[in-house]
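Biologist: Please take one chain of this model and look at it closely. How is it laid out, and where does it meet its partner?

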Amino acid sequence: MSVLDASDVVRLIAEDGSAVGDTDVGLGTDGLRELYRHMARARRLDRECMALQRQGELTVYPPFEGQEAAQVGSAFALGPDDFVFPSFRELAAALVRGVDAVEYLEYHRGTWHGGPYDPYASGFAPICVPVATQIVHAVGWAMGAKLDGTAACALAYFGDGSASEGDFHEAANMAAVFRAPAILFCQNNGWAISVPPDEQYAAPIAARAVGYAMPGVRVDGNDVLAVYVVTKAAVERARRGDGPTLIEALTYRIGPHSTADDATRYRHQEEVDAWRRRDPVDRYRTWLLANDHVDGAFVTSCDEETEAWVAQVRAGITSVPDPSPDELTRHAFARPIAAP
Amino acid sequence: MAELTMSAALNGALRDALRDDPRTLVFGEDVGDLGGVFRVTDGLQREFGRERVFNTPIAEAGIAGICVGLAIAGWRPIAEMQFDGFSYPALDQVIGHIAKYRTRTRGRVSMPVVIRIPSFGGIRGKEHHGESPETYYVHTAGLKVVVPSSPLDAYTLLTLAIRDPDPVIYLEPKARYWSKEQGEPTADGPPIGVARTLRDGDACTLVSYGAMVHRCLAAADALTSEGTACTVIDLRSLVPLDTATIGASVRSSGRAVVVHEAPRTLGMGAEIAARIMEVAFDHLEAPVARVTAPDVPYPPASLEQAYLPSVEDICEAVRRTVSY
């Protein structure tokens, strides 16, 4: 039975770091460590970005603290020829794909819309703010990859609120009808700005997959190994030509919706504290240490590397020059149309 | 010499594109076996297969949205919206993404997408089947917008639109689908952004596009018998707009009447009148006149001829302008 057929939430590591499932996910020690390195770096950079925004170095910033496992575990399951269609909170996934952190953050610096990184270089589409529209793009890309006869797949990230949009339905239905090699990856982080789940949907988002005749699976989004295993199974299914998969990763947005949001207006600190005890980075570190995949020295050196890297990113993003006003009119058309 | 309907000319342009460029795809609602509700895709699925010509679910946002992904994957999507009035769910994808992608990626990702939309009125259709959506697209930076008025030019414009590296909204005047024209279709016509002058006359310049071009020509014929010779400009392209051709004609005639079937307020006439002010003000002998539909929703069949600019409406506007 495939992990995609699981009726319960897929979880391999419990909140206390103990194994509750088969944690042999096919990653060697290097792979397991790489996962941790990505999560640690993402966590640290996210906090740095919050600070940079408060210091006036970034425009509005959407933090993803708490969602590191959901993003890193899923992005890590993809291959170099695959293509990711993010929303606007997927910095951790972008880093796994090899997007340059400074180029990504130029978006939040306000240097350029979309992100000045080359989408083709890392298989990572521009940051997408209109809610759920990117899911359809992923399906289109997947249809194109299938027409090309490649085994590549597309993965779209979206949130629990996005799943209420019509574009979610149109994307899911088209993906199923065309058997597109697409993975619809919902990070259900508990809040769509201020709207909680019971005001957003009445049935589990993954349950909708039945209506599209595709697998729908819920996974503990704070368990990086579980997210990796589920996504890997969806990737393999897509590569086999069996079509799309809907994944609902249950996670939590520890921070506000964005730096412009005040989450204390709509949720209780007790809820945030409860989710902090399920922290994805701590949980994975505990498991790694308990199972001798890493030792204290590794964690320390990883932290030091991360600090040095974040310092570089900070220096890089705060010294990015503003674009020239000449560039305003340069890109709308391949050959600019003269002003009337 | 062959006589072509506009529907057949468009079909020929799609067929030639599918044959000449293996990266082109044609899709939309009912474009397969049915050949589209106006038969523009007739026979294409049989000829090119179900992978390159395919029906989609009824999902206009989805149709426009997959264009984005397909373009990123290196395909050239040619999508059909079944009717103007049903194209609005796609506006989010068109405005939010298709129009902006090139700018958002600093030129790294182009959107060579064509969206064909059967548009405008005059076919005694049901509601939502006679809309003039051009202003929505013209006002969205990053899109080209073209409207053919004749079968042969429909072929030229569609071929150029498909080859264009940027997104083109292709508005097809439903009322002209079955109009006929003799000649060989060619891609070697005026480029997108260049208007055609169909009639020369020194008394007044008539500016129009789509089906209204023919009412302008009929008006020009009628006015000739009254001794008033009009220039008739078929814009073909609303973005880019050929200000040079309009300006040169109005500087010569000193008078301009803009004709469209879209509602009056912020219709193309507003922009064209403004541009005439910018490039020909000192030459104007009369205010620029507009002959348009009123600012009301498109009416039922029994009233549509009262809604659309008539030949007599155009003649009257020219007479007022000439005698100003």
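Modeller: In chain B, the centres of domain 1 and domain 2 lie 26 Å apart, taken over C-alpha atoms. Domain 1 of chain B covers 3-182, and domain 2 of chain B covers 196-322. These bounds come from an automatic or database domain assignment. The model is predicted: local features need pLDDT of at least 70, side-chain atom pairs count only at pLDDT 80 or more, and totals for chains, interfaces and linings use all residues. Residues are numbered from 1 along each chain as its sequence is written, while chains are lettered from A and ligands numbered from 1 in the order in which they are written.

Start with the two domains of chain B. Here 23 residues of domain 1 of chain B are in contact with 20 residues of domain 2 of chain B (contact: C-beta atoms, placed from the backbone, within 7 Å). On the domain 1 side, helix H6 (134-138), strand S6 (144-146) and helix H7 (151-163) of chain B each supply at least two residues. Helices (H or I, at least four residues) and strands (E, at least two) are DSSP runs, numbered from the N terminus. By class, that side of domain 1 of chain B has ten nonpolar, six polar and seven charged residues. Nonpolar means Ala, Val, Leu, Ile, Met, Phe, Trp, Tyr, Cys and Pro; charged means Asp, Glu, Lys and Arg; the others, Gly among them, are polar.

Next, the sheet. Seven strands of chain B form an open, mixed sheet in the order S3-S2-S4-S5-S7-S6-S12. Strand S3 (53-55) and strand S12 (237-239) of chain B are the edge strands; each has a single partner strand, so one side of each has no neighbour in the sheet. Strands pair if DSSP finds at least two bridges between them. S3(B) pairs in the parallel sense with strand S2 (residues 24-28) of chain B, over three bridges. Within that pairing, Val26(B) has Val53(B) of S3(B) as its bridge partner.

Now strand S13 (residues 256-263) of chain B. It is mostly covered, with seven of its eight residues buried. Buried means 20 or more other C-beta atoms within 10 Å of a residue's own; exposed means 12 or fewer; partly exposed is in between; C-beta atoms are placed from the backbone. Strand S10 (residues 204-208) of chain B runs parallel to S13(B), joined by three bridges. There, Leu206(B) has Val257(B) of S13(B) as its bridge partner. S13(B) also runs parallel to strand S14 (residues 289-293) of chain B, through four bridges. In S14(B), Ala293(B) stands opposite Pro263(B).

Then the partner. In all, 37 residues of chain B are in contact with 33 residues of chain A. On the chain B side, helix H3 (60-72), helix H4 (91-98) and helix H5 (101-104) each supply at least two residues. H3(B) gives the most, with nine residues. By class, this side of chain B has 15 nonpolar, 14 polar and eight charged residues.

H3(B) leads across to chain A. It is among the elements that cover the buried residues of helix H7 of chain A. The others include helix H6 (133-147), strand S2 (154-159), strand S3 (182-188) and strand S5 (245-250) of chain A. H7(A) is mostly covered: ten of its twelve residues are buried. Among them are Phe168(A), His169(A), Asn173(A) and Met174(A). After H7(A) comes Arg179(A), with a positive phi near 45 degrees.

Two arginines of chain A are worth a look too. Arg237(A) sits in helix H8 (residues 224-239) of chain A. Arg237(A) counts as buried because it has 20 C-beta neighbours inside 10 Å. Leaving out residues up to four places away in sequence, Arg237(A) touches Leu4(A), Asp242(A) and Thr245(A). Asp295(A) is 58 residues from Arg237(A) in sequence and 35 Å away, C-alpha to C-alpha.

Arg109(A) belongs to helix H4 (residues 101-109) of chain A. It has 20 C-beta neighbours inside 10 Å and therefore counts as buried. Setting aside neighbours within four places in sequence, Arg109(A) is in contact with Leu58(A), Ile317(A) and Val320(A). Leu27(A) is 82 residues from Arg109(A) along the chain, and 36 Å separate their C-alpha atoms.
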